[in-house]
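Reader: I would like to learn how to read a model, feature by feature. Where do we start?

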Amino acid sequence: MQTIKHAALSEVLTARFEINLKLRYTNDDQRKIAVEEMLTDDVNCQGLKVQRSVKVVEQSLLLSEVEYQRRRHKSLATLVLFLANKGV
């Protein structure tokens with residue numbers, strides 16, 4: 001994704017008018033908008049954003065599963081210690 005972003009930025013920084021060969025984007029706001037438009041139009045970049053979003057959600061679910069299992073283990077270990085001390 002960074003490669004696509006750098007390629008778009010490079011293209012914007014070197015874009016020139018055909019008539020007089022002056023730079024097309026002369027200020028930072030123009031450049032930012034042009035890069036964002038290029039990235040929005042790029043199907044490959046949009047696919048990567050979706051994949052990243054899915055991975056973030058999957059990571060969150062896995063982290064919550066780990067936390068659930070940790071707490072479950074702690075409660076079961078406490079129960080086992082209680083039962084062992086009680087002599088059951």
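Reader: Leaving aside its neighbours within four places in sequence, which residues is valine 12 in contact with?

Author: This is a predicted model. In it, valine 12 is in contact with Tyr25, Arg31, Ala34, Val35 and Met38, once neighbours within four places are set aside.

Reader: Which residues make up the largest nonpolar core?

Author: Seven residues do: Ile4, Ala8, Val12, Ala34, Val35, Leu39 and Cys45. The elements giving two or more residues to this core are α1 (2-14) and α2 (28-41).

Reader: Take leucine 39 from that list. Is leucine 39 buried or exposed?

Author: The cut-off for buried is under 20% relative accessible area. Leucine 39 has 4% relative accessibility, so it counts as buried. Leucine 39 sits in helix α2.

Reader: What does leucine 39 touch, not counting residues up to four places away in sequence?

Author: Leucine 39 touches Ile4, Lys5, Ala8, Cys45 and Gln46. Take the pair of leucine 39 and isoleucine 4: 35 residues apart in sequence, and 7.9 Å apart in space, C-alpha to C-alpha.

Reader: Now the whole chain. How many helices and strands are there in the protein chain?

Author: Three helices and zero strands. From the N terminus on, the order is α-α-α.

Reader: What does the C-alpha trace span along its principal axes?

Author: About 95 × 25 × 15 Å. Burial in the chain is a separate reading: buried residues make up 9% of the 88 residues.

Reader: What share of the contacts with a separation of 6 or more comes from residues 24 or more positions apart?

Author: Such residues account for 43% of those contacts in the protein chain.

Reader: Next, helix α3. How should its end-to-end distance be checked?

Author: Compare the expected span with the distance between the end C-alpha atoms. At 1.5 Å a residue, the 44 residues of α3 should span 64 Å, and the end C-alpha atoms are 64 Å apart, which agrees.

Reader: Which residue caps the N-terminal end of α3?

Author: Aspartate 42 does. A side-chain oxygen of aspartate 42 lies 3.1 Å from the backbone nitrogen of asparagine 44. Just after α3, glycine 87 takes a positive phi of about 90°.

Reader: Is leucine 21 buried or exposed?

Author: The cut-off for exposed is over 50%. Leucine 21 has 56% relative accessibility, so it counts as exposed.

Reader: Last, confidence. Which elements have the lowest and the highest mean pLDDT?

Author: Helix α1 has the lowest, at 88, and helix α3 (residues 43-86) the highest, at 95. Over the protein chain, the mean pLDDT is 91, and 99% of the residues reach 70 or more.

Methods:
Residues numbered from 1 in each chain as written. Predicted model: local features only at pLDDT ≥ 70, side-chain atom pairs only at ≥ 80, totals over all residues. Heavy atoms only, no water. Core = buried A, V, L, I, M, F, W, Y, C linked by side-chain atoms within 4.5 Å. Buried < 20%, exposed > 50% of the residue type's maximum accessible area, 1.4 Å probe, protein only. Helix = DSSP H or I, 4+ residues; strand = E, 2+ residues; numbered from the N terminus. Contact = heavy atoms within 4.5 Å. pLDDT = per-residue confidence, 0-100. Expected span 1.5 Å × (residues − 1). Polar contact = N/O pair within 3.5 Å; in protein donor to acceptor, adjacent residues only side chain to side chain.
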